[in-house]
Every structure is written in C-alpha cells, then in structure tokens.
Amino acid sequence: MDAVLSRELLEKYRTSFNSDPKNILAQNVCTKYDPFEVCLSRRRLQESQHVFTYKIETEGKPITNQKSSGRCWLFAALNVMRVPFMKAFNLDEFEFSQGHLFFWDKIERCNFFLNTFAAAVRRKEQIEGRLITFLLKDLIGDGGQWDMLANVINKYGVMPKCKFPESFSCDSSLKMNQILRSKLREYAREINELVCRDGSDADVQSLIQQQMSTIFRIVGICLGIPDETFTWTYYDKNKAFHSIGPITPKEFYDVHLRPLFDVNEKVCLVTDPRESNKYGRLYTVDCLGNMIDGRKCIYNNQPVELLIKLAADSIRNGEPVWFGCEVSKRFAAKQGLEDLEAQDFSVLFGTDIQTTMPKADRLLYSESAMTHAMAFTGVATDESGAVTKFRVENSWGDDRGDKGYLVMTTEWFKEFGFEVVVDKKFVPQDVLNVFDQDPIVLPAWDPMGTLAL
C-alpha cells in the first residue's frame with residue numbers, strides 16, 4: 001500500500017470531517033479557545049471539594065512561587081521542612097531561602113558536569129555517541145531530585161529567605177542557563193582536547209578548577225553570593241523579639257532544623273511499573289547527580305499502592321510529604337484539580353489521549369515521566385479507610401485552586417505519580433532493606449532520570 005498521502009485520500013479525510021456537525025462545532029470553539037479548557041469536565045469540577053479527613057496541623061505560609069524557573073524540587077522540599085520549623089519557632093509565616101540552595105546547586109552541578117564529561121571521554125566515549133550527545137543536550141537545567149537536595153543541604157545548610165532573597169535570575173533562570181550552557185560546552189571541548197593530548201588527571205583537574213572560577217563568577221553575578229555567616233532577627237506570634245547568629249547556614253541547619261527535619265532520615269521511594277524494572281529492587285541512573293562525591297540518585301522501586309499508603313500514614317502523623325509526578329496530565333490548572341476525569345477529550349475530538357496506554361508503556365514511548373515536585377499536606381479516606389484524594393501544596397503562587405493548594409485523586413496519582421519521600425519510621429523494614437542492595441544502573445537517558453521542574 002502506498003505510504004504517500006494522495007489527493008484522493010486527503011479529500012476523503014476532508015469530506016468525512018465536514019460531514020459531521022460535531023466536528024464543525026468543535027472547530028469553531030477550538031479555533032477561539034484553549035482546547036484543554038474546552039475539554040474541562042464541569043461535572044468533575046462541581047464534585048471536587050477541598051475537604052480532607054486528615055490535614056497536617058499547620059500548613060506553611062505564605063504560598064510560595066517559583067515563577068519562571070524549574071526549582072519546584074527545592075521549593076517543595078523547603079515547604080515541607082518549614083512546617084516543623086514554624087511550629088518550633090512559633091512563627092506565623094516563614095520561608096527558607098530557595099535562592100541559597102539554587103546558587104550552590106548551580107555551582108556544584110557545573111562542576112559535576114565537567115568532571116562527568118571528563119570521565120566519559122577518558123573511557124573513550126565518542127563525542128558523536130549517544131551518551132555524550134545526551135550529556136551536552138541539556139547539561140545545566142534547574143530540575144532536581146531528592147538526593148540532589150540532600151547533597152546541597154548536607155554541605156551548605158539552609159538560611160532564612162530574608163537573608164538571601166530572590167534575584168531576577170532566580171525568578172527567571174532562562175538567560176543565566178543559556179550563558180552557563182554555552183560556557184560548559186566550550187569547556188567540554190577544552191577538556192576533550194586535553195584528554196586527546198594525553199593530559200594527566202592532574203592536568204584535567206587543574207583545567208576544571210580554572211573553568212569553575214569563571215562559572216562561579218557568572219553564577220555570582222546573576223544570583224548574588226550567599227554570605228558565609230548571617231544573623232537572623234525575627235518576631236514570633238507573640239510579638240517577642242529573637243536573634244540568632246552570627247551563624248553559618250550549615251550550623252543553622254545542624255542546630256535549628258536538623259533536629260526537626262533530618263534529610264538523612266528521609267527515604268525516596270519510586271514506582272516504575274516497566275517489566276524490565278522489578279519492584280523490590282534498587283536503581284540509579286548513569287551520570288545523574290549534582291555533586292562530586294555526593295549521594296547518588298537512588299530509586300527504591302515499589303508498587304504505587306505502597307507509596308500512597310506511606311504518604312497517607314505520614315500525613316496522619318502530622319508530617320507533609322515531598323512527592324514527584326507528571327503534573328500537566330489531566331490537570332485543570334486554574335481550578336487546581338488533578339483528576340483522570342478532569343477533561344473529556346473524546347467528546348471534543350472523538351478520541352482520547354494521555355491515558356490510552358498503560359503507565360509502563362507511556363514510560364517506554366516517552367509519553368510519561370516525572371516532571372514536577374510538590375507536597376502532600378492532607379488526605380481524604382472513604383468509609384472503609386481507603387485513600388481517595390490528597391491535598392497538595394504547590395509552588396506556583398496563590399491564584400490557582402484553593403489559594404495555591406490543589407486536589408489530587410488517588411486514581412490520578414496511580415497513573416501520574418512517580419515518587420514520594422517519607423521518614424524511615426513509616427517504612428516497613430523489608431522495604432528499607434532494599435537500600436542495602438547494589439543499585440542497577442539505568443542508562444543516562446532513561447525516563448526515571450527525568451528531573452522535577
């Protein structure tokens with residue numbers, strides 16, 4: 001059969017389209033309005049309520065806004081961490097500095113890339129080969145994973161936002177990242193040429209240190225440079241004055257936050273239903289990370305039902321939960337509803353999308369991947385105790401959903417949820433034992449290596 005789209009075949013398509021009045025109506029509407037908005041289900045919006053069986057006692061204020069940056073993984077983590085901190089310090093409102101962690105992640109990630117690239121060319125990976133082509137494609141994005149967050153906090157600590165506020169390039173990182181990508185590709189070429197000239201490991205490290213001096217200058221100009229020490233003064237809910245410092249961000253974390261929220265006591269569980277990746281096994285992704293000699297991104301693969309249970313257990317015990325998902329699918333953004341029935345594409349287009357393949361196949365065919373991190377702060381259960389929906393704190397400002405909070409059904413999370421971070425005390429011992437395994441290394445381009453933005 002001829003693969004060419006002939007005039008006769010195209011005319012057949014045109015005639016079929018015009019013969020159905022529903023197509024004409026749909027065309028009239030969709031040429032004027034957003035197709036996803038047109039597909040919104042009025043029924044599901046009416047049924048959606050921000051009422052939950054269990055909520056953490058105190059939710060963080062104010063609602064945060066990552067603006068035009070891919071820092072959701074940092075925002076979600078700091079939003080979770082501030083909950084016990086605000087309670088302990090008797091605060092009405094508080095934010096940790098997202099820019100502080102962003103600065104150090106950029107510095108560390110550039111160094112990680114240069115060293116990872118050097119190691120790749122030393123083991124004779126070809127510049128035109130798949131691995132290096134992948135590494136050079138998007139080598140300094142904003143996104144991240146939980147283990148990357150732990151790396152930065154364990155080394156650099158945290159600080160209040162008022163001590164290192166946002167900058168233009170924190171809020172809108174596109175141009176800074178363009179500058180960094182250009183320099184890093186230039187530097188990758190220099191490293192490759194040095195290795196090809198049989199430069200020693202010491203020569204390569206000396207070159208990378210010179211390159212990193214320029215990288216530090218670029219990032220420092222764009223974001224500012226966090227102070228080595230700071231003094232934090234504040235009023236609590238009772239209007240009492242307090243002062244902490246001078247203190248380093250690392251000391252601030254170790255003394256004032258770690259006893260309340262220790263990143264090393266939290267574990268990341270993922271759910272990857274592909275047949276090749278068995279449950280109860282440990283995985284990592286080649287070349288994925290943000291810090292030389294830091295923690296690897298480790299994935300303890302478990303059924304999605306366990307992730308839901310442990311997230312609910314955590315919330316019942318007053319602890320919010322960092323999690324990763326594919327946020328944009330079946331999402332009524334303005335109304336703040338993540339629901340498999342949020343849109344009805346079949347009514348408009350005569351065919352469905354996004355849920356027509358099993359989750360495992362969507363991963364295989366590049367139709368699904370973890371793209372965004374947020375925080376669970378509430379959970380609803382039915383009469384039998386089964387979890388039906390979650391309350392979600394997002395980092396896109398307060399003009400969506402319930403003043404920035406979303407509703408996510410359990411069925412939605414089963415399809416588009418990929419990971420949760422919970423305290424070890426909630427996790428069964430047999431699941432914790434999986435972390436003792438030697439991780440199976442997935443290729444750098446595996447979808448499980450996608451970073452939350």
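Start by selecting Asn394: at 2% relative accessibility, this residue counts as buried (buried means under 20% relative accessible area, exposed over 50%, partly exposed in between, with a 1.4 Å probe and protein chains only). The model is predicted, with local features needing pLDDT of at least 70 and side-chain atom pairs counting only at pLDDT 80 or more, while totals for chains, interfaces and linings use all residues. Residues are numbered from 1 along each chain as its sequence is written, and side-chain values use heavy atoms, without hydrogens and water.

**Around Asn394 and His372**

Asn394 sits in the loop between β11 (387-393) and β12; helices (H or I, at least four residues) and strands (E, at least two) are DSSP runs numbered from the N terminus. Show the residues it touches, leaving out those up to four places away in sequence: Ile63, Thr64, Asn79, His372, Met374, Gly404 and Leu406. Contact here means heavy atoms within 4.5 Å.

The side chains of Asn394 and His372 make a polar contact at 2.9 Å. Such a contact is a pair of N or O atoms within 3.5 Å; within protein, one must be able to donate a hydrogen and the other to accept it, and residues adjacent in sequence count only if both atoms are side-chain atoms. His372 is buried, with a relative accessible area of 2%, and its contacts beyond four places in sequence include Cys72, Asn394 and Trp396.

The UniProt annotation "active site", from an unreviewed entry, covers Cys72, His372 and Asn394. They are spread over 323 residues of sequence, yet cluster in space, with a largest C-alpha distance of 9.6 Å. UniProt positions are given in the numbering used here, feature names are shortened, and annotations may be inferred rather than shown by experiment.

**Met408**

Move to Met408, in strand β12 (residues 405-409). Met408 is buried, with a relative accessible area of 0%. Among the residues it touches, not counting those up to four places away in sequence, are Phe323, Cys325, Met374, Phe376 and Phe413.

**The cores**

Next, select Met81, Trp146, Leu149, Ile191 and Trp232, which touch the most other members of the 88-residue largest nonpolar core. Helix α6 (residues 98-122) gives the most to this core, with 12 residues. Apart from it lies another core, of 33 residues, among them Ile56, Val379, Met408 and Phe413. A nonpolar core is a set of buried Ala, Val, Leu, Ile, Met, Phe, Trp, Tyr and Cys residues joined through side-chain atoms within 4.5 Å.

Select strand β2 (residues 230-235). Its covered face holds Phe230, Trp232 and Tyr234, and its uncovered face Thr231, Thr233 and Tyr235. Strand β3 (residues 241-247) pairs with β2 in the antiparallel sense over five bridges; pairing requires at least two DSSP bridges between two strands. Five residues separate the strands of this hairpin, and Lys239 in the turn has a positive phi of about 65 degrees.

Continue to helix α12 (residues 249-257), where Pro249, Phe252, Tyr253, His256 and Leu257 are buried. Seen down the axis, these fall within an arc of 105 degrees, so they line one face of the helix; the arc is that of the directions from the helix axis to the C-beta atoms. They pack against α5 (72-89), α6, α8 (146-156), β2 and β3.

**Tyr283**

Finish at Tyr283, in strand β5 (residues 282-285). Tyr283 is buried, with a relative accessible area of 4%. A polar atom of its side chain lies 2.6 Å from the backbone nitrogen of Lys278.
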